[in-house]
Amino acid sequence: EDVLPGGAPGGDETFYVKANVTIVGGFPANPKDGDVADPVANPVILSGEETCYHVMVVGAPKSDLFSVKISGLTITKGKPHTTATKVTINGAVTYKSYGGGMTISGGRNNIENCNIIGNYSEKSNAGVFLTGGAETTFRNCRISENSGKGNGCGFWNGPKCVTYMYDCEIARNITTGVGSGIYNYEVTLGEGAPSLYMVNCEVTGNQAGSFGAIYCRSS
């Protein structure tokens, strides 16, 4: 656990992934040679305890040779700040009020067999926030039961971000704003449109003030 650059204890604590590493959850407490990861039998839960603005922040530099790989984690109980205070992660501006479960800023990232569930935001985006032109693939992930106010409660795909989702569930996210399941953000200030590719995914049971399932803004 680390404190975000420019942050302070009392909310800016996070599991900060700032290098191209592989993190695998699901091994037993006392592993032996030959043991394999089983996240169902051996759950690894990262909790913000309803005080941390982001449970996990991924901000590794983009590389042609390496990427971040995260597998077998449950990320829960993040609670973003109530005001849109700016912070810089991996050279990109993001906000303390977005990405209660997971913020991904730039880099190349592979997220597999993870649950981002039960995060709450008073401002916007309780679940997953992508920014900084991140290139990210999600496989067999569940982004569910996130709730709060504002837009893009479950999943927010920001400018220049390229996102692939395979066999994922985006379900039962609830907000009073727009796009409770997925919010694909607009082009602003020449940043470039986000791209979102979904294969064999289920988007269901999301509730919002408007556009409960998927909202694609502007471009």
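Two strands count as paired if DSSP finds at least two bridges between them. Strands themselves are DSSP runs of E with at least two residues, numbered from the N terminus. With that in hand, let us walk through the structure. The model is a predicted one, where local features need pLDDT of at least 70 and side-chain atom pairs count only at pLDDT 80 or more, while totals for chains, interfaces and linings use all residues. Residues are numbered from 1 along each chain as its sequence is written, and side-chain values use heavy atoms, leaving out hydrogens and water.

Eight strands build an open sheet with mixed pairing, in the order 1-2-5-10-14-18-22-25. At its edges are strand 1 (2-3) and strand 25 (214-216), each of which pairs on one side only. Elsewhere in the sheet, strand 2 (residues 13-17) and strand 5 (residues 56-58) run parallel and are joined by three bridges. To see one of these places for yourself, find Phe-15: its bridge partner in strand 5 is Met-56.

Next, look for the aromatic rings. Rings of Phe, Tyr and Trp (its six-membered ring) pair if their centres lie within 6.5 Å; planes under 30 degrees apart count as stacked, over 60 as edge-to-face and the rest as tilted. The structure holds 11 such pairs. One of them joins Tyr-95 and Tyr-98, a tilted pair at 5.4 Å centre to centre with 40 degrees between the planes. Phe-211 and Tyr-215 also make a tilted pair, because their ring centres are 4.9 Å apart and their planes stand at 35 degrees. These four residues belong to one aromatic cluster, which also takes in Phe-129, Trp-156, Tyr-183 and Tyr-185.

How open are these rings to the outside? Buried means under 20% relative accessible area, exposed over 50%, and partly exposed in between (1.4 Å probe, protein chains only). Tyr-98 counts as buried because its relative accessibility is 15%. Tyr-95, with a relative accessible area of 26%, is partly exposed, and so is Tyr-215 at 22%.

Finally, visit a loop. Val-36 sits between strand 3 (22-24) and strand 4 (44-47), and its relative accessible area of 62% makes this residue exposed. Leaving aside residues up to four places away in sequence, Val-36 touches Gly-26 and Phe-27, where contact means heavy atoms within 4.5 Å. Val-36 and Gly-26 are 10 residues apart in sequence, and their C-alpha atoms are 7.9 Å apart in space.

Key. Helices (H or I, at least four residues) and strands (E, at least two) are DSSP runs, numbered from the N terminus.
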